[in-house]
Amino acid sequence: MYSSYKPNSHMVDIIFTLALFCVFAASALLVVLIGANVYQNTTASMSDNFDTRTSITYISTKIRQNDALDSVYMTEFSGVPALVLREEIGGDLYNTWIYHYDGELREIFAADDAQVSPENGQTVMSVPNLMIERLSVNMFRITTVDSRGRRAGMIISPRCIVPIGSTV
């Protein structure tokens, strides 16, 4: 009886199938690694963008909420520059101190005559680098630099001409 079984022909089929599977597996692994890298870069960029824009928006919103004549000014306490927002509540004056200290955007709300120090501020959010500058009598520049070195900023000007405690 004659058999058509040839061991070498089946070996070539198995090696070809195995090689094709290895190429497919390597390609799939490469796609997953590239996707993970893209995802990691995207989330890091979104986080930096969030921190940068949120800190600027937070400060500009605070300035707009406190838009009264002579109620927004810059000062320095314990060597730390701070934006001070003064408001009248129930006939008493209160200050909100907004400043950058120890890699964080911080805020203190206290009576006008209270002694404050930078360590006592409530942390609003972590921001690697934040600068608040007074450009003119009624104009401020807020600038942040994220962990990747990208700079973002805003120039804002309170517009009110009505003093604190006045009614229109």
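**Close-up views of a predicted model**

View 1. F24 is a residue of helix α1, which spans residues 7-65. The model shown here and in the other views is predicted. F24 has a relative accessible area of 58% and is therefore classed as exposed, the threshold being over 50%. Together with L18 and F21, F24 makes up a nonpolar patch on the surface. The accessible area of these three residues together is about 370 Å².

**View 2. Overall composition of the chain.** The protein contains 1 helix and 8 strands. Read from the N terminus, the order of elements is α-β-β-β-β-β-β-β-β. The protein has 168 residues, of which 27% count as buried. Among contacts with a separation of 6 or more, 35% are between residues 24 or more positions apart.

**View 3. The largest nonpolar core, around I59.** This core has 16 residues; those touching the most other members are I59, I63, L83, I98 and L105. At least two residues of the core come from each of α1, β2, β6, β7 and β8 (151-156). The most is given by α1, which contributes 3 residues. Beyond its neighbours within four places in sequence, I59 is in contact with L83, I98, L105, L130, I132 and I142. Another core, of 9 residues, lies apart from this one and includes F77, A82, W97 and I108.

**View 4. The β6-β7 hairpin.** Strands β6 (residues 129-136) and β7 run antiparallel and are joined by 7 bridges. The two strands form a hairpin, with 2 residues between them. L130 has T144 in β7 as its bridge partner. A salt bridge connects R141 and E133, with 3.4 Å between the closest N and O atoms. R141 has a relative accessibility of 31% and counts as partly exposed. E133 also counts as partly exposed, at 31% relative accessibility.

**View 5. Surroundings of T144.** T144 is located in strand β7, residues 139-145. The relative accessibility of T144 is 1%, so this residue counts as buried, the limit being under 20%. When neighbours within four places in sequence are left aside, T144 is in contact with T52, S55, I56, V127, N129, L130, R150, R151 and A152. One of these contacts, L130, is also the bridge partner of T144.

View 6. S78 is a residue other than glycine with a positive phi, near 55°. S78 sits in the loop between β1 (72-77) and β2 (80-89). With a relative accessibility of 60%, S78 counts as exposed. D102, likewise not a glycine, has a positive phi near 55°. D102 belongs to the loop between β3 (92-101) and β4 (104-111). The relative accessibility of D102 is 65%, so D102 counts as exposed.

**View 7. P81 and its contacts.** P81 is part of strand β2. P81 is classed as partly exposed, with a relative accessible area of 47%. Not counting residues up to four places away in sequence, P81 touches M74, T75, E76 and Y99. Between the C-alpha atoms of P81 and Y101 the separation is 9.2 Å, and the two residues are 20 residues apart along the chain.

View 8. The whole structure holds 5 salt bridges. In one of them, the side chains of D112 and R86 meet with an N to O distance of 2.7 Å. This pair links distant parts of the chain, 26 residues apart: D112 is in the loop between β4 and β5 (122-126), and R86 is in strand β2. D112 counts as partly exposed at 32% relative accessibility, and R86 counts as partly exposed at 22%. A salt bridge is also formed by R106 and E104, whose closest N and O atoms are 2.8 Å apart. Both R106 and E104 are buried.

Technical notes. Residues are numbered from 1 along each chain as its sequence is written. This is a predicted model: local features need pLDDT of at least 70, side-chain atom pairs count only at pLDDT 80 or more; totals for chains, interfaces and linings use all residues. Side-chain values use heavy atoms; hydrogens and water are left out. Patches are made of residues with over 30% relative accessible area and no salt bridge: like charges are joined within 9 Å, nonpolar side chains (Val, Leu, Ile, Met, Phe, Trp, Tyr) within 5 Å. Accessible areas come from the Shrake-Rupley method with a 1.4 Å probe; for residues, only the protein chains shown count as cover. A salt bridge is a side-chain nitrogen of Lys or Arg within 4 Å of a carboxyl oxygen of Asp or Glu. Helices (H or I, at least four residues) and strands (E, at least two) are DSSP runs, numbered from the N terminus. Buried means under 20% relative accessible area, exposed over 50%, partly exposed in between (1.4 Å probe, protein chains only). Contact means heavy atoms within 4.5 Å. Two strands pair if DSSP finds at least two bridges between them. A nonpolar core is a set of buried Ala, Val, Leu, Ile, Met, Phe, Trp, Tyr and Cys residues joined through side-chain atoms within 4.5 Å.
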